[in-house]
Amino acid sequence: MDAVDYQQLLSDAMAAARRTVGTGRVADYIPALAAADPDAFGMALATVEGEVFGVGAWEQPFSIQSISKLFTLALVLAEGGDAVWQRVGREPSGNPFNSLVQLETEQGIPRNPFINAGAIVVTDHLHSLTGGAAHAVREFLRAESGNPMLGTDWEVAASETEHGHRNAALAHFIASHGNLLNPVETVLDEYYAHCAIAASCADLALAGRFLARYGLRADDTRLLSRSDAKRVNAVLLTCGTYDAAGEFAFRVGLPGKSGVGGGVLAILPGRAALCAWGPGLDRAGNSVGAVAALDAFTTASGLSVF
Ligand code: DON
């Protein structure tokens, strides 16, 4: 493969992110996240060969939040859970990540696995398959990142449990349509516990590498078939950044998953996984700095899926 100066590209991407400082808003609907430094930034890239590059606060853990939804979906498919596609769709919703409106007209079948409603169903499915959805995500992230310290920030999980009326409403509504297998309280506890995992840009880039490696894990065992890896990347591209997925594809041109902790994990199939982090969010709940950095990276390098 041709030589690419990833370190220089990351430095330039960070400079682009720095120009956005002050334009986003830190998520405060989960009070434990409101204390995040809005000016923080980090970015890491892990190649398919296993090299890792980083800039800024690339080793600092942050709350991964919805980035965990990528891993719950992959683990369900890895466990042979194809039946999940009878319980959740794979179309962009065009609505905010925590919206309730489509569930009413679509009989409790969420539009896709990455909006909160869909992720709640996927967590339920993973819990039934493994007996511990959040545990399965934590163990997978630890194994792929090689970081045994990675774990759930229980203060964040408790804060979301206390203020999670919207997710509780979604889960009860889904249950009313018979689309939850486990009790609502169990599913929400598991969902909050995997959202509240703290990990760094380096951890997440390493953990996302299986999608750049067409389904192969760090130890070269197969997590997903090539076809399932393609499918997860496709749903990430179309739904991973919610009602801003079109804008993200336009600017960045990579499959990606955001979280309200300010992280965005993006996949460059066959080459690398990248994670950028900055806590200031735009109105769709995606990090302003992280998206600016990924935009700068793909624009300068010409490396995207297009
Ligand atoms: O359920 C929630 O609202 C959060 N635990 C996760 C939402 C999230 O990260 C949306 N992403 N940008």
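These legends walk through several close-up views of one predicted model. Because it is a prediction, local features need a pLDDT of at least 70 and side-chain atom pairs count only at pLDDT 80 or more, while totals for chains, interfaces and linings use all residues. Residues are numbered from 1 along each chain as its sequence is written, and side-chain values use heavy atoms, with hydrogens and water left out.

View 1. Which residues come nearest to the ligand? Of the 14 residues around it, these are Tyr29, Gln65, Ser66, Glu160 and Tyr191; a residue is near if one of its heavy atoms lies within 4 Å of the molecule. Look for Ser66, where a polar side-chain atom lies 2.6 Å from an oxygen atom of the ligand. Glu160 places a polar side-chain atom 2.6 Å from a nitrogen atom of the ligand. With Gly285 the backbone takes part: an N or O atom there lies 3.0 Å from a ligand nitrogen atom. Taken alone the ligand exposes 340 Å², and the protein buries 100% of that; such areas come from the Shrake-Rupley method with a 1.4 Å probe, and for residues only the protein chains shown count as cover.

View 2. Helix 6 spans residues 154-163; helices (H or I, at least four residues) and strands (E, at least two) are DSSP runs, numbered from the N terminus. Val156, Ala157, Ser159 and Glu160 are buried in this helix. Here buried means under 20% relative accessible area, exposed means over 50%, and partly exposed is in between, using a 1.4 Å probe and protein chains only.

**View 3. Glu144 and Ser145 in helix 5.** Both Glu144 and Ser145 belong to helix 5, which covers residues 133-145. Is Glu144 buried or exposed? Glu144 has 7% relative accessibility, so it counts as buried. Its side chain makes a polar contact with the side chain of Arg217 at 2.8 Å. A polar contact is a pair of N or O atoms within 3.5 Å; within protein, one must be able to donate a hydrogen and the other to accept it, and residues adjacent in sequence count only if both atoms are side-chain atoms. Ser145 is buried as well, with a relative accessible area of 11%. The side chain of Ser145 reaches the backbone oxygen of Leu141 at 2.6 Å and the backbone nitrogen of Asn147 at 3.2 Å. Leaving aside its neighbours within four places in sequence, Ser145 is in contact (heavy atoms within 4.5 Å) with Leu150, Asp203 and Leu206.

**View 4. Asp124 and its partners.** Find Asp124 in helix 4, residues 116-130. With 0% relative accessibility, Asp124 counts as buried. Its side chain makes a polar contact with that of Asn182 at 2.7 Å. Setting aside neighbours within four places in sequence, Asp124 touches several residues, including Arg87, Asn179 and Val187, by the contact rule. Asp124 and Val184 are 60 residues apart along the chain, and 8.9 Å separates their C-alpha atoms.

**View 5. Cysteines without a disulfide.** A disulfide is a covalent bond between the sulfur atoms of two cysteines. Here the rule is a pair of cysteine sulfur atoms within 2.5 Å. How many disulfides are there by this rule? The count comes to zero. Cys195 is in no disulfide, and the nearest cysteine sulfur, that of Cys275, is 15 Å away. For Cys201, also in no disulfide, the nearest cysteine sulfur is that of Cys275, at 4.2 Å. Cys195 is buried at 1% relative accessible area, and Cys201 is buried at 0%.

**View 6. Gly50 in a loop.** Gly50 lies in the loop between strand 1 (42-47) and strand 2 (52-56). With a relative accessible area of 37%, Gly50 is partly exposed. Gly50 and Gly81 are 31 residues apart along the chain, with 29 Å between their C-alpha atoms.
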